[in-house]
Amino acid sequence: MLVIFGFKNSSRNLGLAQATCPRCGHRAAQRVDRRKRAFSVFFIPIVPLGSSYEATCTACGVSTGISRAQAEGILAAAY
Ligand SMILES: [Zn+2]
C-alpha cells in the first residue's frame, strides 16, 4: 500500500496595521501573517505542529518573528 505523507506549511495574511518597524524605525504598514505547519497524509493536514506569527514591514521588507500576543496587539491597534 502506498501512503503519501509529508509536511504542509500554510500562511495566512491576517491584515495590515500601522506600527513602528523594529528594523528601520519607520512607522509604516506591517503585514501580519500566521504560518501553520502540520504533518499531512495524502496532502491532508492531520497533526498540527504549531503556528508562528510574522510581521513584514512594507517600508524595508524585513520580516520579523513575533509572538501571538504581539500580532494581536498590532492588529487590535489597527481598528
Ligand atoms: Zn522597516
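The model is a prediction, in which local features need a pLDDT of at least 70 and side-chain atom pairs count only at pLDDT 80 or more, whereas totals for chains, interfaces and linings use all residues. Residues are numbered from 1 along each chain as its sequence is written, and side-chain values use heavy atoms, with hydrogens and water left out. The predictor's confidence in each residue is expressed as pLDDT, on a scale from 0 to 100. The chain has a mean pLDDT of 92, and 97% of its residues reach 70 or more. Helices and strands are taken here as DSSP runs numbered from the N terminus, a helix being H or I over at least four residues and a strand being E over at least two.

Four strands form an open sheet in the order 1-2-3-4, and their pairing is antiparallel; two strands are said to pair if DSSP finds at least two bridges between them. Strand 1 (5-20) and strand 4 (63-66) are the edge strands, each of which pairs on one side only. From one strand to the next, the twist averages 30°, where axes are lines fitted to C-alpha atoms (for helices over the stretch in contact) and angles run from 0 to 180 degrees between N-to-C directions.

Strand 1 and strand 2 (residues 27-41) are joined in the antiparallel sense by 15 bridges.

The hairpin formed by strand 2 and strand 3 has 2 residues between the strands, with Phe 42 in the turn showing a positive phi of about 55°.

Strand 3 and strand 4 pair in the antiparallel sense over 4 bridges, and the hairpin that they form has 5 residues between them, with Gly 61 in the turn at a positive phi of about 80°. Thr 56, which lies in strand 3, has Ser 63 of strand 4 as its bridge partner. The side chains of Thr 56 and Ser 63 are also joined by a polar contact of 2.9 Å, a term for a pair of N or O atoms within 3.5 Å, of which, within protein, one must be able to donate a hydrogen and the other to accept it, residues adjacent in sequence counting only if both atoms are side-chain atoms. Thr 56 has a relative accessible area of 10% and is therefore buried, since buried means under 20%, exposed over 50% and partly exposed in between, with a 1.4 Å probe and protein chains only.

The zinc ion has as its protein donors the SG atoms of Cys 21, Cys 24, Cys 57 and Cys 60, which lie 2.3 to 2.4 Å from it. Along the chain, these donors follow the spacing C-x2-C-x32-C-x2-C. Distant parts of the chain are linked by the pair of Cys 21, in the loop between strand 1 and strand 2, and Cys 57, in strand 3, which are 36 residues apart. Donors are N, O and S atoms within 2.8 Å of the metal (3.2 Å for Na, K and Ca), and sites may look incomplete because water is not among the atoms. The angles among the 4 donor atoms are 103 to 118°, and the site is tetrahedral, a label given to four donors if all angles lie between 85 and 135 degrees. Cys 21 counts as buried at 4% relative accessibility, and Cys 57 is buried with a relative accessible area of 2%.

Key
Four donors count as tetrahedral if all angles lie between 85 and 135 degrees; four count as square planar and six as octahedral if opposite donors are over 155 degrees apart and all others between 65 and 115; anything else is irregular.
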